[in-house]
Amino acid sequence: LVSPVLDFGWWQQPDYAPLPMAALLPSLAAARMEAAGDFSATGLAAAEAYAAGDFVTDLLRGSGDPDAVARLTDRVAALTGLDRAVVAGADGRIDAGEFAREIGRSARARVSLYDATVSGPRWPRAGDPVLDAMTAPLTSAMLGFYRDTLGWLPDRRYLLLNGDVNRAWSWGEGRGQPEAMTALGSALALDGKLEVLVAHGRTDLVTPYFGSTLVLRQLTVPGAADRVRQATYPGGHMFYTRPDSRRQFHDDAKALYGERTG
């Protein structure tokens, strides 16, 4: 599973909801560390422990608790690198959009939500520095693959991202938000040999890796922890555009399939 959202009920919630904030915070911390050139696995682990512990506790105390807000402000400002006054103005509650705006403000840069370590010039019509910049080369690469490898070309315009299809997509019925955890749990229970690799980029703010971490912790299928592995690589939503991350991902995938095929 590559850069997935395993449960939209955890991720797409109102602005005041604590779970999306907890899922996002370690990626903000990773972006801050990479920008400063002092990234460490130990530092990221500490951010994760805080996000799933004292951070959530203080969020649940509410903005009416000045001591909780002060603790949030101090720790979130330190983890994200944002000005303390900005964090205090949000009562310690920073979302992806605000982080991207504020972290690039001094340099007049637009920071990508798809990889918070990538930025471009800020101007009114500028798109996302990762998503928009990748559209043309990926479209050319796909058309080249179709033509040169498969010997086929589409007879209509090729759209890498089709907004009409995206808007018309059926997410199912009822009031529940789409999620894959129920199906994943059933598959793991029915097939004792099934193994899963969940791959994320650590500075992806669109589908933060820690969101999958928190959701996967809730799996209650016996033995699932030994058969579901999460790997987090340097980079963002398309972490595989980085050569070192692509190589690591290749090796992890090869090991996954190699172990099952002998």
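These legends go with a handful of close-up views of a predicted model. Local features are taken at pLDDT of at least 70 and side-chain atom pairs at pLDDT 80 or more, while totals for chains, interfaces and linings use all residues. Numbering runs from 1 along each chain as its sequence is written, and side-chain values use heavy atoms, with hydrogens and water left out.

View 1. A pair of aromatic rings is described by the distance of the centres and the angle of the planes. Here, rings of Phe, Tyr and Trp (its six-membered ring) pair if their centres lie within 6.5 Å; planes under 30 degrees apart are stacked, over 60 edge-to-face, and the rest tilted. That rule gives 9 aromatic pairs. One of them is F239 with Y240, edge-to-face at 5.4 Å centre to centre and 70° between the planes. F239 also pairs edge-to-face with F249, at 5.3 Å and 80°. F239 sits in the loop between β4 (228-233) and α13 (243-261) and F249 in helix α13, so this pair ties together parts that are 10 residues apart in sequence. (Helices, H or I with at least four residues, and strands, E with at least two, are DSSP runs numbered from the N terminus.) On accessibility, buried means under 20% relative accessible area, exposed over 50%, and partly exposed in between, using a 1.4 Å probe and protein chains only. F239 is buried at 0%, Y240 is partly exposed at 35%, and F249 is partly exposed at 21%.

**View 2. D115 and its contacts.** D115 is in the loop between β1 (109-111) and β2 (119-121), and at 6% relative accessibility it counts as buried. Its side chain reaches the backbone nitrogen of G236 at 3.3 Å. D115 also makes a salt bridge with R242, with the closest N and O atoms 3.2 Å apart; the term means a side-chain nitrogen of Lys or Arg within 4 Å of a carboxyl oxygen of Asp or Glu. R242 lies in the loop between β4 and α13, 127 residues from D115, and is partly exposed at 25%. Zoom out a bit and E34, D115, R202 and R242 are linked in a network of salt bridges.

**View 3. Strand β4 meets helix α13.** The side chains of R229 and D252 form a salt bridge, 3.3 Å from N to O. R229 is in strand β4 and D252 in helix α13, so the pair ties together parts that are 23 residues apart in sequence. R229 counts as partly exposed at 43%, whereas D252 counts as buried at 17%.

**View 4. Arginines over rings.** A charge sits over a ring if NZ of Lys or CZ of Arg is within 6 Å of the ring centre and within 35 degrees of the ring normal. R202 lies over the face of F39, 3.5 Å from the ring centre. R75 does likewise with Y50, at 4.3 Å. The C-alpha atom of R75 is also 8.6 Å from that of F55, 20 residues away along the chain; F55 belongs to helix α4 (residues 54-61) and is buried at 2%.

**View 5. Rings around W152.** Ring pairs link F145, Y146, W152 and Y158 into a cluster. L150 is in the loop between α8 (131-149) and α9 (163-168), and is partly exposed at 48%.

Terms used
Polar contact = N/O pair within 3.5 Å; in protein donor to acceptor, adjacent residues only side chain to side chain.
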